[in-house]
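The sequence and structure are shown first.

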Amino acid sequence: MTIRSHAVRLLRFAQDVVFPYTCAACGVEGEVLCAACRSSITLSGSGECVFCGDASVGGATCDTCHGAHALDGLTAAAAYHNAVLRASIGRWKYHFQALLGEVLGGYVVRSLTPAFWSLMDRTNAIVIPIPLHPYRLRYRGFNQAEQLARAIGEAYALPVSCDILVRFRLHRSQAHKTHEKRLALKNPFKVLPSDILIGKTVVLVDDVATTGTTLDHAAAVLKQAGSACVWSVTLAKG
Ligand SMILES: [Zn+2]
Ligand SMILES: [Zn+2]
């Protein structure tokens with residue numbers, strides 16, 4: 001971590017101490033997310049293939065899409081169209097608030113039900129967050145996916161690895177790109193030389209999933225490195 005990112009975190013911490021917390025969604029004073037706003041975020045439980053939208057158990061990639069994609073499934077805690085959730089993610093991401101991240105991490109942890117774990121070999125699982133490019137990490141000061149990954153690792157007593165999957169290409173915002181253009185992007189990830197992934201179930205964590213392209217790129221390199229299963233868990237799905 002650079003001196004600059006330390007300074008940014010210190011400044012944000014000082015702001016949190018000097019100014020009282022306000023709810024990220026409605027602005028009421030006292031909490032990072034008030035009780036009324038918390039209760040408006042409902043766990044959705046994915047039931048469809050992220051690539052084609054067909055119904056599937058727990059968000060598993062369907063048989064048709066499996067041939068063309070590395071990702072085995074995607075489970076999202078809630079829907080991104082929830083305005084409270086969107087406001088909370090924005091506040092958390094751009095004005096790093098560790099406490100808000102803890103609240104949001106709680107939704108992800110609670111969405112991983114026994115039915116979710118029955119879809120994979122949990123005894124062999126490792127939790128890996130989608131990394132930020134080092135340039136973005138310096139700018140932002142923290143990786144929001146890493147905070148979620150650590151919450152999952154702690155809640156389910158699973159190992160968390162934040163340094164084996166690396167992002168070495170910086171893509172500009174993909175929001176305006178068509179699905180075809182996103183697919184044509186070169187894979188921005190690589191796995192550092194290691195054999196710790198051989199035969200492992202990877203729980204691949206990110207904050208928001210849209211088309212699944214980023215997660216699929218990461219799943220491809222994780223499988224090349226020997227992972228048996230790569231299942232993604234996100235806070236929201238757009
Ligand atoms: Zn509120
Ligand atoms: Zn499908």
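Is C37 buried or exposed? C37 is buried, with a relative accessible area of 9%, where buried means under 20% (1.4 Å probe, protein chains only). The model is predicted, so local features need pLDDT of at least 70 and side-chain atom pairs pLDDT 80 or more, while totals for chains, interfaces and linings use all residues. Residues are numbered from 1 along each chain, chains are lettered from A and ligands numbered from 1 as written, and side-chain values use heavy atoms, without hydrogens and water.

C23 sits in the loop between α1 (3-18) and α2 (35-39), whereas C37 belongs to helix α2, 14 residues apart.

| Residue | Relative accessible area |
|---|---|
| C23 | 1% |
| C37 | 9% |
| S88 | 0% |

**Packing.** S88 lies in helix α4 (residues 83-94); helices are DSSP runs (H or I) of at least four residues. Beyond its neighbours within four places in sequence, S88 is in contact (heavy atoms within 4.5 Å) with A24, L33, L100 and L104. The largest nonpolar core has 41 residues, and L33 and L85 are among those with the most contacts inside it. Such a core joins buried Ala, Val, Leu, Ile, Met, Phe, Trp, Tyr and Cys residues through side-chain atoms within 4.5 Å.

Methods:
Helices (H or I, at least four residues) and strands (E, at least two) are DSSP runs, numbered from the N terminus. Buried means under 20% relative accessible area, exposed over 50%, partly exposed in between (1.4 Å probe, protein chains only).
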